[in-house]
Amino acid sequence: METSNNSLSFSRRSFIKTVGLSTGGIMLGFTLFEACNPDSKVMIDPETLNYKDFNAFIKIAENGMVTIYSKNPEIGQGVKTSMPMLIAEELDVPWEHVLVRQADLDTKNFKGQVAGGSQSIRSSWTPLRQTGATARQMLINAAAIKWGVDASECTTNEGVIENSRGEKLGYGEIVTEAALLEIPDNVKLKNPKDFKIIGKDIRNVDIDKITSGKPLFGLDYKKEGMVYAVSLRPPAFGQKLVSFDATEAKNVPGVIDVFQFGDKIAVLGNNTWAAMSGKNALIAEWSSDETLMSSEDHDVELEKLLDSDKLKEVRSDGNVNIAKMNADKVIEYTYEAPFLPHSCMEPMNFFAHVTDDKVELAGPIQTPEGTARQVAGLLKREPDDVHLVLTRIGGGFGRRLIGDYALEAAEISNISKKPVKLVYTREDDMAGGFYRPIVKYKISAAIKDNKLIGYHLKEAAVGSSINKSRASYFPAGCVKNYKVEAAQLRSEITTGPWRAPVCNFLATAEQTFIDELAEELNQDPVKLRLELLEVAKKDKKNKMEWSPERMQAVIKLAAEKANWGKSKKGVYQGFSAYYSHNSHVAEVAEVVLKDGVPVVTKVYCVVDCGVVVNPLGAKNQLEGGIIDGIGHAMYGEMPFVKGKPQNLNYGDYRLIRMMETPIVETYFIDSNEDPTGLGEPSLPPVGAAVANAIKAATGERYRKQPYTKYMVS
Amino acid sequence: MPTYNLNVNKKNHTVEAEEDMPLLWVLRDLLDLVGTKFGCGIGQCGACTIHLDGSASRSCLIPISSVGDAKITTIEGLSEDNSHPVQKAWKEVDVPQCGYCQAGQIMTASAFLEKNPSPTEEEVRAAMHGNICRCSAYNRIEKAVNLAATMES
């Protein structure tokens, strides 16, 4: 699946040669168009050109058209645009001549084909620029040989090489020779001040296809002879399939086959509706749900854990117990968040065709490499047998880091011996989740002489847990006596990473608590944060991955942009600041009261994420993260009754919609530092910014999400 | 199996389908028009929005047997060359993140602007309230609809 930035006039077509070259684990390659009629100038749709797939980053055509492969999964975070920008920048070609294609899984040529942890740009920043710069140097070297001049006499500009005599060669005219040269080491990267593409607003490379409804997504993927599968799963986590009756299901027109796999039943149809209808006609008996836990049980058990001896130390500085004993006062509050489904707009789906020759997979997955390996393991095949085509992904949010649905598709194809597209209904998607863990944080502060002298955070959760790294984020380092402990509750309910794992609610708890602390100390919440950061600046002993200076800078700018403390009458502000995914973020939420009900009308956001590769895309990520965060803080909850998830479609499960969305204003700290994460870090702080603004507006302190559930209207 | 004659994007199609098959799956699976998306199947998310005789409709809720001779327009047929003002505005504003819901958003917006060419900001927000964007690109959706309203078709 590819996207062009324009149509070029081609004089030559069809490739004659491909060369793959290795540099630092990264492959470069070039393909050419064979001369067939050098004089004809016909407009050719670049997408119809027959590029040979040889799994590398760059191909250059004789007319200068450049194809760049984007290796990482595109889940809406914009890397299919921003990663090729890095290559194009150093290759020194006009963006309008670049055609971007999504690379398939290719473990031999690409490293780290993953979308997770907001790391795509951060980890690619140097390697992808080196890839572009290396190719550029090889083109220069080839031109220099041809001209009989020294390469150092040659410069490039927008895809054209020029020597000191003023002679010029387009990249396409020298690419054959260039591809055969030795790969240079230690190529020089551009000085950021010379960037022509990085830092510019570049539109989503798939925008034309998206606005005209072209096939892009996993659900759109079709193959000759493909059948559709839907499966019935145990309704509750922890239940097993006892027996089933498929008589009615098999009588549904269009149903091809019904069979059991594991504790699930697959229904195959010659279209999606037939398979869905067949599933609805199944009669299944499941094992007892008597011993399975409900949300109320989780609540009680997590509460117990917070004061149990099951808590394990994650980080400890100084001695928080002594600080509490010496304190004038200790304040303590508990913050709670429910399970959340990811509810990606594109329901889970995957194509699989298992044959004796190979295993073909295609679909939306954040972890293609790991998933292909798991499929190989499941089917007892060689990893090389498995081929995976990456489609554009209709939302990830962490759900598609787990490839269970791809494994199911492979298993169904393996049993049926057919090319199969497995499709989850929305209900399947919501019920078959790897949910954001339900979690409680109990935080206490020891106060002496109106200063914070001790900070103690206890976590109780189902599933994932705070680790040492996250226990070292702000406000760690800001208080001498500091302790984080955590305990786990076992459950059959599967949990997994959900956009900004752990941080998505840890930040809410901590940044709400800091507001409560400010109230207790009778201090301005912004001033308090800046003061706490002064302590961290002096702490040379505990080396932290985040920077108190950069945190102070985003806080100060956010306060300035939002006119902190001077908002209009009837507009109430809440502050929050957090570090995650290597980026520093500060946010101000504004709330007004409409008929006494708090409504978020505006959010100011300041981010330090180093160099901003594509500001247009970057702002979209920040806006999205903030509104997503507000929506889930206000409305999101997946309750369970005896292991069974309850809100299975958008009638019951509430997502934020247009009329509830605030305007988001975003600002970046001007920086030449290497880029850091952007897909996630705007989300964690916003829950607290909203809670703090609601407190300012109503006097009510919300410590439990979803906030609207606990609002008296 | 019953046969139906459908008018989709100004072309006539004859399809064989069960009478309860929602138009969504007729379009996607039988006619290969996959621009119309499946989101929830219960008319709550708007990803499957199409125009039925010019009105925005949820194709997941419309059984093929109830379509009759109504004219169906999908995202693929909204314009010949991606040049409908709403499509142009969407590109100008660079609305999408994942992009999955956008066909539905565009179909809702275009039907709305056809009926209300000069909406207020509040009317735009109300009109788009039924379409979920899980990536929450709502600010840009709003901006693009307002921009499209200023463009000539």
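The model is a predicted one. Chain B is divided into domain 1, residues 3–76, and domain 2, residues 85–150, and the centres of these two domains, taken over C-alpha atoms, are separated by 21 Å.

**Where the domains of chain B meet**
- The contact between the domains draws 15 residues from domain 1 of chain B and 13 residues from domain 2 of chain B.
- On the side of domain 1 of chain B that touches domain 2 of chain B, the strands β3 (49–52) and β4 (55–58) each supply at least two residues, and β3(B) gives the largest share, 3 residues.
- The residues on this side of domain 1 of chain B comprise 6 nonpolar, 8 polar and 1 charged.

**Ala103(B)**
- Ala103(B) is found in helix α3 of chain B, which covers residues 102–115, and it counts as buried because 27 other C-beta atoms lie within 10 Å, where the cut-off is 20 or more.
- Leaving aside residues up to four places away in sequence, Ala103(B) touches Gly213(A) as well as Gly35(B), Thr36(B), Lys37(B) and Ile75(B).
- Thr74(B) is 29 residues from Ala103(B) in sequence, while their C-alpha atoms are 8.6 Å apart in space.

**The largest nonpolar core**
- The largest nonpolar core has 268 residues, and those with the most contacts inside it include Ala229(A) and Val267(A).
- Val267(A) touches Ala229(A), and its other contacts include Val230(A), Val255(A), Val258(A) and Leu282(A), not counting residues up to four places away in sequence.
- In soluble globular proteins, nonpolar side chains tend to be buried together.

Technical notes. Residues numbered from 1 in each chain as written. Chains lettered and ligands numbered in written order. Predicted model: local features only at pLDDT ≥ 70, side-chain atom pairs only at ≥ 80, totals over all residues. Helix = DSSP H or I, 4+ residues; strand = E, 2+ residues; numbered from the N terminus. Buried ≥ 20, exposed ≤ 12 C-beta atoms within 10 Å, placed from the backbone. Contact = placed C-beta atoms within 7 Å. Core = buried A, V, L, I, M, F, W, Y, C linked by C-beta atoms within 7 Å. Domains from an automatic or database assignment. Nonpolar A, V, L, I, M, F, W, Y, C, P; charged D, E, K, R; others polar.
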